[in-house]
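Here are some notes to go with the model you asked me to look over. Please read them with the structure open beside you.

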Amino acid sequence: QAQVVESGGGLVQAGGSLRLSCLASRSLSSINYMGWFRQAPGKQRELVAGKSSDDNAVYADSVTGRFTISRDDAKNAVYLQMNSLKLEDTAVYYCYAKSRSVGYWGRGTQVTVSS
């Protein structure tokens with residue numbers, strides 16, 4: 001079964017907003033890191049935003065000030081609020097959750113920003 005599942009992707013106009021959600025299986029315990037990565041066609045997967053166990057957030061320079069990551073550890077969930085979307089934000093967005101022993105990737109959700 002899928003251990004990490006993303007949702008909330010879709011088509012949005014430039015300047016619009018979108019919120020992505022990621023739920024990790026309850027069987028995945030002791031999560032110490034959850035984050036969002038993205039991969040555009042022909043490009044490498046890159047970090048968008050992440051939160052470690054200290055709850056400090058880190059963001060890619062390209063999204064700082066526009067995106068906000070939040071965690072709900074009780075639900076094994078992480079969210080990404082995406083505002084002021086740009087064409088270059090178009091990518092498949094992947095959730096990643098890491099426990100002490102292993103990390104898991106979601107299958108991804110497509111975000112397409114149009115003009």
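Before the points, one term: two residues are in contact here when they have heavy atoms within 4.5 Å of each other. This is a predicted model, in which local features need pLDDT of at least 70, side-chain atom pairs count only at pLDDT 80 or more, and totals for chains, interfaces and linings use all residues. Residues are numbered from 1 along each chain as its sequence is written, and side-chain values use heavy atoms, with hydrogens and water left out.

1. Overall fold. The protein has 11 strands and 0 helices, where strands (E, at least two residues) and helices (H or I, at least four) are DSSP runs numbered from the N terminus. Read from that end, the order of elements is β-β-β-β-β-β-β-β-β-β-β.

2. Size. What radius of gyration does the protein have? The value is 13 Å, which agrees with the figure near 13 Å for a compact globule of 115 residues. The radius is taken over C-alpha atoms, and the globule rule is 2.2 Å times the number of residues to the power 0.38. Along the principal axes, the C-alpha atoms fill a box of roughly 40 × 30 × 25 Å.

3. Burial and surface. Of the 115 residues, 43% count as buried; buried means under 20% relative accessible area, exposed means over 50%, and partly exposed lies in between (1.4 Å probe, protein chains only). The protein exposes about 6300 Å², with carbon and sulfur atoms supplying 46% of that area. These areas come from the Shrake-Rupley method with a 1.4 Å probe.

4. Among contacts with a separation of 6 or more, 53% are between residues 24 or more positions apart. There are 13 positive and 9 negative charges, and their mean positions are 5 Å apart. Lys and Arg count as positive and Asp and Glu as negative, while His and the chain ends are not counted; each charge is placed at NZ of Lys, CZ of Arg, CG of Asp or CD of Glu.

5. Aromatic pairs. Rings of Phe, Tyr and Trp (its six-membered ring) pair if their centres lie within 6.5 Å; planes under 30 degrees apart are stacked, over 60 edge-to-face, and the rest tilted. The count by this rule is 4 aromatic pairs. The pair of Tyr33 and Tyr96 is tilted, because the planes meet at 55°, with the ring centres 6.2 Å apart. This pair links distant parts of the chain, since Tyr33 sits in strand E4 (residues 31-39) and Tyr96 in strand E9 (residues 91-99), 63 residues apart. Tyr96 also makes a tilted pair with Trp105, at 4.6 Å centre to centre and 45° between the planes. Tyr96 is buried at 17% relative accessible area, whereas Trp105 is partly exposed at 40%. Ring pairs join Tyr33, Phe37, Tyr96 and Trp105 into a cluster.

6. A lysine to look at. Is Lys51 buried or exposed? Lys51 counts as buried because its relative accessibility is 12%. Lys51 belongs to strand E5 (residues 46-52). Beyond its neighbours within four places in sequence, Lys51 is in contact with Asn32, Tyr33, Met34, Asn56, Ala57, Ile69, Ser70 and Arg71. For contrast, look at Lys43 in the loop between E4 and E5, which is exposed at 59%.

7. Val113 is part of strand E11 (residues 109-114) and is buried, with 6% relative accessible area. Leaving out residues up to four places away, Val113 touches Val12, Gln13, Ala14, Leu85, Lys86, Leu87, Asp89 and Thr90.

8. Backbone angles to check. Most residues other than glycine have a negative phi. Asp55 is not a glycine, yet has a positive phi of about 70°. Asp55 lies in the loop between E5 and strand E6 (57-59) and is partly exposed at 44%. Asn76, also not a glycine, has a positive phi of about 55°. Asn76 is in the loop between strand E7 (67-72) and strand E8 (77-82), and counts as buried at 14%.
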